[in-house]
Amino acid sequence: PDLVSYNHGAGVELTATPAAGHHFVNWTGDASGSTNPLTVTMDGNKSINANFAINTYAVTVSATNGTVTKNPDLASYSHGAGVELTATPAAGYHFVNWSGDASGSTNPLTVTMDGNKSITANFSINTYTLTVSATNGTVAKNPDQVTYDHGASVQLTATPAANYHFVNWTGDATGSTNPLTVTMDGNKTITANFAINSYALTVNATNGTVAKNPDQATYDHGASVQLTATPAAGYHFVNWSGDASGSTNPLTVTMDGNKTITANFAINSYALTVNATNGTVAKNPDQATYDHGASVQLTATPAAGYSFVNWSGDASGSTNPLTVTMDGNKTITANFAINTYTLTVSATNGTVAKNPDQPTYDHGTSVQLTATPAAGYHFENWSGDASGSTNPLTVTMDGNKTITANFAMNMLGSIAG
């Protein structure tokens, strides 16, 4: 009982009750041991102390895919002590919440020690988005998912649209490897870059040139290029060969691949027409046509009684033979003129009349000469470029002629008396 004093031999029960957060340790003074309650037999005045100690508690922490640090980091903590727990996720993970003797997602977490505690930090693997974009092509993801766990591998395959080609990756990837393997360690945005195909246009020409419009080293797919073939002097355009055909000039080429196109030229050939009256013209060489730049010798030969005068048409002058350089179709005329001759007549003791009486006569002209003797004379004969005694005399002019009419004195007979 709880009395002011106790009779000798009385028994008193002592019950030690610790304060909150404490525990009974033992009795000291006029009692010992840790029996509680303790029965004391009163055989004298007694002074007894109940000894208490503060409670200490252990805090056990656990974590998978991360760690938990305690601050302070002690084996045990006194009742009421505060312990800060900090959860640190492993790479690619994130803290989710506490479980066990703690809850919620506050991090760091302050724990007030009021008993032994076992606390677990829960982590979850990170998941990331992979956004791909492309213009003029597509990108396929394998596997194709909305999100990917940290460390997952995703294969990206870039496929160009028709007439485009893949160039490279930009954004959260670089280089031109295709397919590309991406290791997911964060949210990623990756762009596949495509470029339109470009092609070379090679043009060839001999004996001429080819102009390209526009004139570029390369051309985008679908571009139009105008090719104009220009022949060298003395040549003409024939056709296109290689990656083009036909004879359209200028030619429009649509670029849908690398192209090699040849412009074919041929030398010009020309006709040489020669004309002649009262003579002939010989061509050497004598051909139906002649290549540009060829030399042809023309020789004019007059007919009998004619002479060459000059060239007209596509030639001039009087050089004979004439060398003609062929630079186009030519028509050349050899001009001849009939020969003219003089007819000189003389007479002594008489006269000679010419019919017709002209200073000159064309080749082949007939002239009648009539010899008329003077009184007392008679015509005897012709001499010079004529002979005989025919009178009148017809002379055919085939050259210059000098003709003399010869007369003789008449002889009178004797008269008998």
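The radius of gyration of the protein, taken over C-alpha atoms, is 70 Å, whereas a compact globule of 417 residues would have a value near 22 Å; the globule rule is 2.2 Å times the number of residues to the power 0.38. Along the principal axes, the C-alpha atoms fill a box of roughly 260 × 30 × 25 Å. This is a predicted model, in which local features need pLDDT of at least 70 and side-chain atom pairs count only at pLDDT 80 or more, while totals for chains, interfaces and linings use all residues. Residues are numbered from 1 along each chain as its sequence is written, and side-chain values use heavy atoms, with hydrogens and water left out.

Of the 417 residues, 28% count as buried (under 20% relative accessible area with a 1.4 Å probe, protein chains only; exposed is over 50%, partly exposed in between). The protein exposes about 22,800 Å², of which carbon and sulfur atoms supply 46% (Shrake-Rupley method, 1.4 Å probe). Among contacts (heavy atoms within 4.5 Å) between residues at least 6 apart in sequence, 54% join residues at least 24 apart.

Several loops have local features. The peptide bond from Asn36 to Pro37 is cis, with omega near 5 degrees, and Pro37 lies in the loop between strands E2 (22–29) and E3 (38–41). The bond from Asn178 to Pro179 is also cis, with omega near 5 degrees; Pro179 is in the loop between strands E18 (164–171) and E19 (180–183).

Asn65, in the loop between strands E6 (59–63) and E7 (66–71), has a positive phi near 70 degrees. Its relative accessibility is 33%, so Asn65 counts as partly exposed. Asn349, in the loop between strands E38 (343–347) and E39 (350–355), has a positive phi near 65 degrees.

Thr277 sits in the loop between strands E30 (272–276) and E31 (279–284). With a relative accessible area of 56%, Thr277 is exposed. Leaving aside neighbours within four places in sequence, Thr277 is in contact with Ala334 and Phe336. The C-alpha atoms of Thr277 and Ala334 are 7.7 Å apart, although 57 residues separate them along the chain.

How values were computed: Helix = DSSP H or I, 4+ residues; strand = E, 2+ residues; numbered from the N terminus.
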